[in-house]
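This report walks through a structure part by part. Please keep the sequence and the 3D view at hand while reading.

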Amino acid sequence: MKKILFLALALCLMAGTAVAADTIKIGLMAPLTGAWASEGQDMQQIVELLADEINMAGGINGQKIEIVTEDDGGDPRTAALAAQRLSTQGLVAVIGTYGSAVTEASQGIYDEAGLIQVANGSTAIRLSEKGLNYFMRTCPRDDEQGLVAYKALKNGGYKSIAILHDNSSYAKGLADEAKTLLEKDGANIVFYDALTPKENDYSAILTKMKAANPDVVFFTGYYGEAGLLLRQKMEMNWNVPFLGGDATNNPDLVKIAGKEAAAGFMFLSPPVPQDLNSKEAMAFMTAYKKKYNAEPGSVWAVLSGDGLRVVAEAIKATGSTDQDKLVAYMKNDLDNFPGLTGQISFNDKGDRVGDLYRVYKVSADGKFMLQP
Amino acid sequence: MELFIQQLTNGLAVGGIYALIALGYTMVYGVLKLINFAHGDLFTIGAYLGLTLLTTLGLTNYLGPFGVVIVLALMVMGLVAIVGAALERVAYRPLRQSHRLSAVVSALGASIFFQNAVMLIYGARYKVYPHDILPRTAIHIFGLDIPLIRLLMLLTSIVMMIGLYLFIQRTKIGTAIRAAAIDQGAAKLMGINVDRVIMIVFLIGPALGGAAGLMVGLYYGQINFTMGWLYGLKAFTAAILGGIGNIPGAMVGGLLLGVIEAMGAAYISIAWKDAIAFCVLIIILIVRPTGLLGERVAEKI
């Protein structure tokens, strides 16, 4: 009797290891609880959906994917523990996470373990400036937006440009970035200054700006001030186009400015998931809606799906699960991979190169319309 | 020149609001020698009450735009005056005999209480007044487009300030307020009910602050629960600039501060406009420590 039991046990163990050897384990670190729980739960649903799709199609080079999920609680301390647990489970790579500070707490642990980390919502510049070989991200860096602003202003054919920020480190950083690029290109910056947030009356600033006679105004601050600027601009009968940064992407902007004043306002922002229009994205959105009967809340969660797809592509192309080979492939060979959120390539620092930001325009009835 | 006049009107419109709020600071200081730090929040309450009344009562169905504004202003002023009087009764009167600092701490506490109460009742997001209350026409003078409402705002502030000045100077209650400001003990001996005088001061000051809040809401549209802090700080500065405790001083100080800010923004730098305004304040205080009109009028208020 004991022998049979032992045999059975041994068989089970063998079967267990045999199955384990057949799967490729990929980690997911996401804020399933805490302040960003909605993002984290979306991330989990997206990654699991895509892993199922890959497995249904026969896996990667015949091997199935297994997702190992850990909750980081949106909190750096919890994230460090989650990272330590994930590092010991023989994973190929870890997808996530959302917040920059949370990612920062886990970066070193993964790097020491030689584990690839593909963050999806952490946009702080410093994360990829530390020379960590195994760190990558599918989201843009904070300075990417400056480049996009520069392109949008250049493509608009504007000759003299006014730039206005609000002295917050984010808004000033974006304004400086765009200004440097525009000046290098010989554009004429006729106005560059900051307003005081939370004031109600910006007419003195608008009057001064109007006197500088710009073709376009680029405002890098938040939606509250942007709404008031638009409203007071209309009262002055000044019809200059306004371009905003992604902090103006909030429906309250239209409420504050009024539909009439907000119409024609353009802003830069990563696309909302409903506006992702590639073939892959539309197939993904349909599948997601079918499985979960909802839509993902933000583009940041969808970027975790891109993280998984990029890693899967690298494993498929190299035929290996060796981290160094995979990183080298993603940084050097992966070129314009058709992601859910547009074309994906990575530079040597592991940052995503390529277009994510889009230009939105407020329509006459106050809707945010994606511009082609 | 056009730019100068445009900036002058911008500055005067903002300055009018500062002046209205500054009156509340200066009246309370004149009588009680107390800086009422909760005054900025009474201004916020005025803005929020105005929004609530406007959206719930449906006044626009019965009255024209200016009728709505007048009825609304009277209601808001009345309600905020009651809040002000209650504030005095609860937070300041029990401390009347204690050290002056205790009352200042009580004022700060009241300010925090009001700010958080507004946030909890109305939420932390921006609130927006309906857009179609006031006509958005602009007047064309000197080759400039000046919004009509901006001029009306300035006009209303000035009319209210003159009304208050006449009330203080010409009426019996006004005389009692002035008497209490000079010497509370002597005023009591003359048969003046000083507690009632203080109550009246706390009705008038908050009413004007509430009216300013309503004006800001109606014109700029956007209000939030922290707005009282910034306006309160500026108005307090304006009151000191003109000579605190002095009513014409608060008016002059408010309008001047608005114009200095606009001119600083126009001709020096926008980012530095607050710094410029405060530099001017420091210079004025070095030259005239009692403020611009602090000495010209012998008695305070």
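## Chain B as a whole

In this predicted model, chain B contains 11 helices and 4 strands. Its C-alpha trace covers about 60 × 50 × 35 Å along the principal axes. The radius of gyration of chain B is 19 Å, and this agrees with the value near 19 Å for a compact globule because that value is the one a globule with 301 residues would have.

Of the 301 residues in chain B, 51% are buried. Among the contacts in chain B with a separation of 6 or more, 77% are between residues 24 or more positions apart.

## Where chain B touches chain A

The contact between the two chains involves 29 residues of chain B and 26 residues of chain A. On the side of chain B that touches chain A, the elements giving two or more residues are helix H1 (2–32), strand E3 (144–147), helix H8 (194–220), helix H9 (227–242) and helix H10 (247–267) of chain B. H1(B) contributes the most to this side, namely 6 residues.

By residue type, the side of chain B that touches chain A consists of 15 nonpolar, 9 polar and 5 charged residues.

## Domains of chain A

Chain A is assigned two stretches of sequence to domain 1, 2–140 and 276–353, while domain 2 takes 144–269. A distance of 37 Å separates the C-alpha centres of domain 1 of chain A and domain 2 of chain A.

## Strand E6 of chain A and its partners

E6(A) runs parallel to strand E7 (residues 188–194) of chain A, and 6 bridges join the two. Within this pairing, Leu164(A) has Asp193(A) in E7(A) as its bridge partner. Together with helix H6 (residues 169–184) of chain A, E6(A) and E7(A) form a β-α-β unit that is right-handed.

E6(A) also pairs with strand E8 (residues 216–219) of chain A, again in the parallel sense, over 4 bridges. Here Ile161(A) is opposite Val216(A) in E8(A).

## Backbone exceptions in chain A

Most peptide bonds are trans, and most residues other than glycine have a negative phi. Which peptide bond is cis, with omega near 15 degrees? The bond in question goes from Gly96(A) to Thr97(A). Thr97(A) sits in the loop between strand E3 (93–95) and helix H4 (100–113) of chain A.

Asn61(A) belongs to the loop between helix H2 (37–56) and strand E2 (64–71) of chain A, and Asn213(A) to the loop between helix H7 (203–212) and E8 of chain A. Is Asn213(A) buried or exposed? Asn213(A) is exposed because 11 other C-beta atoms lie within 10 Å, and a residue with 12 or fewer counts as exposed. Asn61(A) has 14 C-beta neighbours inside 10 Å and therefore counts as partly exposed.

Methods: Residues numbered from 1 in each chain as written. Chains lettered and ligands numbered in written order. Predicted model: local features only at pLDDT ≥ 70, side-chain atom pairs only at ≥ 80, totals over all residues. Contact = placed C-beta atoms within 7 Å. Nonpolar A, V, L, I, M, F, W, Y, C, P; charged D, E, K, R; others polar. Pairing = 2+ DSSP bridges. Right-handed = clockwise from strand over helix to strand, strands pointing away. Buried ≥ 20, exposed ≤ 12 C-beta atoms within 10 Å, placed from the backbone. Domains from an automatic or database assignment. Rg over C-alpha atoms; globule rule 2.2 N^0.38 Å.
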